[in-house]
Amino acid sequence: MTPNHPGEDGVSVPPQTRLFRIGANAHLSPEATRRRKALPLMFELSTEDKKTTPPSLSVWAEELTIADQAWDFMGAKPKNTVVACLSADDVRAIPVPPQFQQVNVVWEQAKRDDGDGNLIPNLAPGAEGHCGIIGLAQGGTADKNHRKALRLDLAEAAKISPVPVPHDFDEDHVRIAAYFLYQTTHLNGTAETHWVSAIRQLRRHRVRLDGMAQD
Amino acid sequence: MAGIMDQTRLAESGVAVFKSLRNYTTGSSGTIAAAMNTRSSFGAVFYRIPVAAAIAHATMLSPCSASLTRPDTSSTESAIMTRLARPMENVLSRGDEPRVKEQIQEHLDYLRAISASADDAPISEDTAEVARWTWHMMWSASGYALPVPSACTGPDGRLMYSWDRGHNHLEVEFGPEQDSEFFYRDRASGQLWSADHRAGSALPSEVVNSLRLFL
């Protein structure tokens with residue numbers, strides 16, 4: 001089951017929801033890039049993340065947001081090219097010590113800076129797919145190793161997407177795919193939604209091809 | 001998706017028609033140049049270093065020393081380059097010496113790129129130097145056999161190195177104005193430990209003892 005509309009803030013996302021994360025400051029080394037390996041630091045809460053209630057790690061539901069939109073919301077930094085993909089089931093399957101609550105993924109209203117330093121709801125198309133992973137900041141000083149183990153589990157569950165941000169598809173291919181969607185969806189939607197859907201489908205297609213190549 | 005791709009192929013001859021659909025916009029199309037990790041010539045870098053000075057640095061950087069002071073960037077790089085210029089018995093047996101040297105050079109280039117003097121550099125030059133220094137100590141303590149780590153930057157100016165072999169995981173995290181933190185997990189037994197490390201001091205014994213697990 002994948003969502004086609006977001007839930008209320010704090011509500012768990014449906015099972016099997018496909019998620020991705022773009023680390024705001026994640027730059028992988030050549031060795032990590034070769035291994036296509038997510039590192040635990042990509043799932044570390046920033047100082048700002050820890051101030052939220054509850055502390056949550058920003059991720060996006062792939063059905064509602066494409067990575068290129070998320071990348072744009074995050075400032076479209078050219079050096080931020082890495083997309084780590086995982087599922088809500090992967091996150092919920094992470095084993096936790098008895099004193100911890102289960103790690104979970106919940107809907108979370110995306111925010112943006114209004115230009116004066118105030119955070120306001122981001123209502124741009126694609127922003128509705130914002131979610132948060134909660135339960136990563138549990139415990140006290142004595143639980144430091146368990147918290148590190150949680151982010152390691154997230155990294156091990158994640159796969160680096162074969163498609164970077166921004167995507168590297170030929171623009172003509174996207175245009176053709178968008179036109180195909182325009183025709184097959186009985187003319188519903190707008191040019192922009194067709195374009196976004198086209199990129200989503202092309203991304204999924206390359207992920208599938210990549211998966212087959214790795215098998 | 002297969003339908004889309006088939007349609008894409010069929011429609012390739014009609015691209016000009018679709019190009020008229022200029023209202024499809026993305027705002028994030030195109031590719032970015034791989035500005036980071038531009039390789040310099042390994043030989044050219046090495047042979048500019050006076051041999052006697054480099055050997056002196058290599059001696060100073062011995063992990064057995066208890067009271068080390070952190071050298072400047074060029075010193076640590078000199079020590080690494082000096083060692084690289086010598087035969088690498090531990091990798092020669094695997095016939096991997098050229099590849100290993102290339103990977104080490106790539107890693108040094110990566111550290112330089114992510115700490116370049118710029119407002120948006122992911123980590124500071126100090127953090128990069130502590131990482132370079134720590135890796136050199138670990139490499140040396142392993143008999144120059146420890147593989148180049150997978151590395152990634154993260155929030156708040158942090159950097160992580162990671163090694164995985166079989167069920168063993170070792171990571172070390174560097175950050176501004178804080179001790180480095182090692183973390184180990186044995187996936188088979190569930191054993192976890194962590195150890196703090198101050199730049200310039202000897203490596204924690206548990207770290208040194210664990211290195212053989214990653215060779």
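This is a predicted model: local features need pLDDT of at least 70, side-chain atom pairs count only at pLDDT 80 or more; totals for chains, interfaces and linings use all residues.
**Sheet in chain A.** I found six strands in the order S4-S7-S2-S1-S3-S8, with antiparallel pairing. I then looked at the edges, where strand S4 (104-107) and strand S8 (159-160) of chain A stand. Each has a single partner strand, so one side of each is left without a neighbour in the sheet.

Strand S1 (residues 18-21) and strand S3 (residues 84-87) of chain A run antiparallel and are joined by four bridges. Which residue of S3(A) is the bridge partner of Arg18(A)? I noted Ser87(A).

**Cis peptide bonds in chain A.** Thr53(A) and Pro54(A) are joined by a cis peptide bond, with omega about -10°. I placed Pro54(A) in the loop that runs between helix H2 (47-51) and strand S2 (56-61) of chain A. The bond from Val165(A) to Pro166(A) is cis too, and its omega is near -10°. Pro166(A) sits in the loop between S8 and helix H6 (171-184) of chain A.

I found Arg36(A) in the loop between helix H1 (30-35) and H2 of chain A. Is Arg36(A) exposed or only partly exposed? I wrote down partly exposed, because 13 other C-beta atoms lie within 10 Å, and the partly exposed class falls between 12 or fewer for exposed and 20 or more for buried.

Ala76(A) also has a positive phi of about 50° without being a glycine. I located Ala76(A) in the loop between helix H3 (67-73) and S3 of chain A. With 13 other C-beta atoms within 10 Å, Ala76(A) is partly exposed.

I moved on to strand S1 (residues 150-153) of chain B. Ser150(B) and Cys152(B) point one way, Ala151(B) and Thr153(B) point the other way, and all are buried. S1(B) runs antiparallel to strand S2 (residues 159-165) of chain B, and four bridges join them. Across from Thr153(B) I found Leu159(B) in S2(B). Five residues lie between the strands of this hairpin, and Asp156(B) takes a positive phi near 60° there.

**A loop in chain B.** My last stop was Ala188(B), in the loop between strand S4 (180-186) and strand S5 (192-197) of chain B. Why does Ala188(B) count as exposed? It has 9 C-beta neighbours inside 10 Å, and the exposed class takes 12 or fewer. I also checked Ala188(B) against Glu77(B): they are 111 residues apart in sequence and 36 Å apart in space, C-alpha to C-alpha.

Key. Residues are numbered from 1 along each chain as its sequence is written. Chains are lettered from A and ligands numbered from 1 in the order in which they are written. Helices (H or I, at least four residues) and strands (E, at least two) are DSSP runs, numbered from the N terminus. Two strands pair if DSSP finds at least two bridges between them.
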